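Biologist: I'd like to learn how to read a structure like this one. Could you walk me through it, feature by feature?

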Amino acid sequence: MRPILDIAAALDLHPNALMCYGEHMAKLRLSALPKKEAKPEGKIVLVSAINPTRSGEGKTTVSIGLAQGLARIGERTALALREPSLGPIFGVKGGGTGGGRCQLEPSTRINMHFTGDLHAIGAAHNLLAALLDNAIHFRSELDLEHRQVFWRRVLDVNDRALRQAVIGLGGHLNGVPRESGFDITAASEVMAILCLSEDLADLKARLGRILVGFDRSGNSVTAQSLQATGAMAALLQDAILPNLVQSTEGVPAFVHGGPFGNIAHGCNSVIATKIAATCADFAVTEAGFGFDLGAEKFFDIKCRSSGLWPSVVVLVVTARALRIHGGGDPAYPGSIQEIERGLEHLEHHVRSVRAFGFEPVIAINCFEGDTKQELAVMEKGCAKLGLKAALFAGFTDGGAGAEALAHAVTTAAAQPTPPARYLYDLESPPEEKIAAVARIIYGASNLEFSRTAKKDLERVRLLGYDRLPICIAKTHLSLSSDPAQVGRLREFVLPVESVRIAAGAGYLLVLTGDIVTMPGLPHDPAAHRIDLSDDGEIIGI
């Protein structure tokens, strides 16, 4: 690893602009951040994917490798990526900083605690919860109705036992008993607020608008009315500052914010993306899970809110994922027919990308077991769709294995950038916004609103939040709400179970199917393989 001061110098960032965390990590000071009204000149490259398998398809690895490939061909490049969450690190994934020769460094520190951003977000979220229950306990003048409080607590570890809980037990001194529960920190509205805020004033305004519940007269109770905004902002004093690290080959990387793509908006911070596109000619960023989740939210929420707009969209595809979406078993080599059937799933996502005005560049992420025949069929399928495809071998070869993809991206970036286009108008009713995403991006034929969802939407209209954009929480494994339904689906119904008001983040959170906001650990969690060696080094990530 190169000293972080050298990484900063490559972007013309003065040492005084940095708050260093040792030799290889730093935060940018507030004075170094671009102004809210500033428009970055660098080209933003959005990396997304088709619906992944449970193991993931290497989207972060491709993002890092692409940045390294762009640097190798002479382009001034920076990354803008999300921070890993401890939940999936100890759960299924076992790490969130890329892989092979395309990693963020120092990877172990980034994976574990980094600069403490997620802890600060959790503390700010839980402080609001504590102030809320304190107001209920002392029967403050807000006259809170404890059965109409929906602000839960958060934890950055997957723990299914805390999804539903009863708090305040043990007598009068311990508060008022009520039902509540925990979400994963990555699903916290405070996380979304941090990632969508453009400066300190915006952060405090958004925190103040957080809707936590209602009083006995049915009036809204916010973080501002609980006098929580100042203390929450104080806890986030450093967390709002983007983190600067580097890739395996020394490409600067702004790693900041970590909302999940399936239960939140799945994009790194606006501040980090802006600074990357301000300091570099190419800013490579990633949206969580498949294009149906993080990327749609990147356009309809993040871009709409900030005024950012990408120049290129990259869609990651793997033979493994195509075999699954073609009806095969990813654990065993299948027939070419499975790959061919899986290409229909790719075609659906290509149509979704085109709905925003882009022709995607296809990154075929190569794995060790892929055959030449499979890769040839994938390339032929992309050509049939009129798409430019490039094989990506960054995991084994680093930036050298991404040069073909880098050239394809620069060629695409030389074309005129499509104008900003969104799937729906904010003035449309929430039901129409949900239907637009469900039909255009998922391919749903109809929607089914539960009784709870209908009541939620009625309250949304009554309180005047019906002009907010929508953020749909849905499984990442399928275009539908059912993770078992793979492939390109037709004539399916999307069940809408409930709608939460995220007034601070500035969107309506729409929960579909059996989606949960607190994941559980798998049967054999990655935590079993993580350890601390005798010389103090973390191993197993």
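Modeller: Gladly! Keep in mind that this is a predicted model. Let's begin with cavities: searching the whole structure turns up one cavity of 30 Å³ or more.

Biologist: Which residues lie nearest the centre of the largest cavity?

Modeller: Pro 84, Met 112, His 113, Phe 114 and Leu 118 do, out of 13 lining residues. Two elements, α4 (107-112) and α5 (117-137), each give two or more residues to that lining. By type, the lining has six nonpolar, four polar and three charged residues.

Biologist: Now salt bridges, please. Which partners does Asp 133 have?

Modeller: A salt bridge is a side-chain nitrogen of Lys or Arg within 4 Å of a carboxyl oxygen of Asp or Glu. That rule gives 24 salt bridges here. Asp 133 pairs with Arg 153 at 3.0 Å, N to O. The two sit 20 residues apart, Asp 133 in helix α5 and Arg 153 in strand β8. Asp 133 also forms a salt bridge with Arg 178, with the closest N and O atoms 2.9 Å apart. Arg 178 is in strand β10, so this pair ties together parts that are 45 residues apart in sequence.

Biologist: Is Asp 133 buried or exposed?

Modeller: Buried means under 20% relative accessible area. Asp 133 has 16%, so Asp 133 counts as buried. Arg 153, at 18%, is buried as well, and so is Arg 178.

Biologist: And what forms a nonpolar patch on the surface?

Modeller: Leu 532, Ile 538 and Ile 541 do, with about 230 Å² of accessible area together. Leu 532 lies in strand β24 and is exposed, at 51% relative accessible area.

Conventions. Residues are numbered from 1 along each chain as its sequence is written. This is a predicted model: local features need pLDDT of at least 70, side-chain atom pairs count only at pLDDT 80 or more; totals for chains, interfaces and linings use all residues. Side-chain values use heavy atoms; hydrogens and water are left out. On a 1 Å grid over the protein atoms alone, a cavity is a set of points where a 1.4 Å probe fits but cannot get out, and a pocket is an open set with protein on both sides within 12 Å along at least five of seven lines; lining residues have an atom within 4 Å of a point. Grid points are joined across faces, edges and corners, and a volume is the space filled by probe spheres set on the points. Helices (H or I, at least four residues) and strands (E, at least two) are DSSP runs, numbered from the N terminus. Ala, Val, Leu, Ile, Met, Phe, Trp, Tyr, Cys and Pro count as nonpolar, Asp, Glu, Lys and Arg as charged, and the others, Gly among them, as polar. Patches are made of residues with over 30% relative accessible area and no salt bridge: like charges are joined within 9 Å, nonpolar side chains (Val, Leu, Ile, Met, Phe, Trp, Tyr) within 5 Å. Accessible areas come from the Shrake-Rupley method with a 1.4 Å probe; for residues, only the protein chains shown count as cover. Buried means under 20% relative accessible area, exposed over 50%, partly exposed in between (1.4 Å probe, protein chains only).
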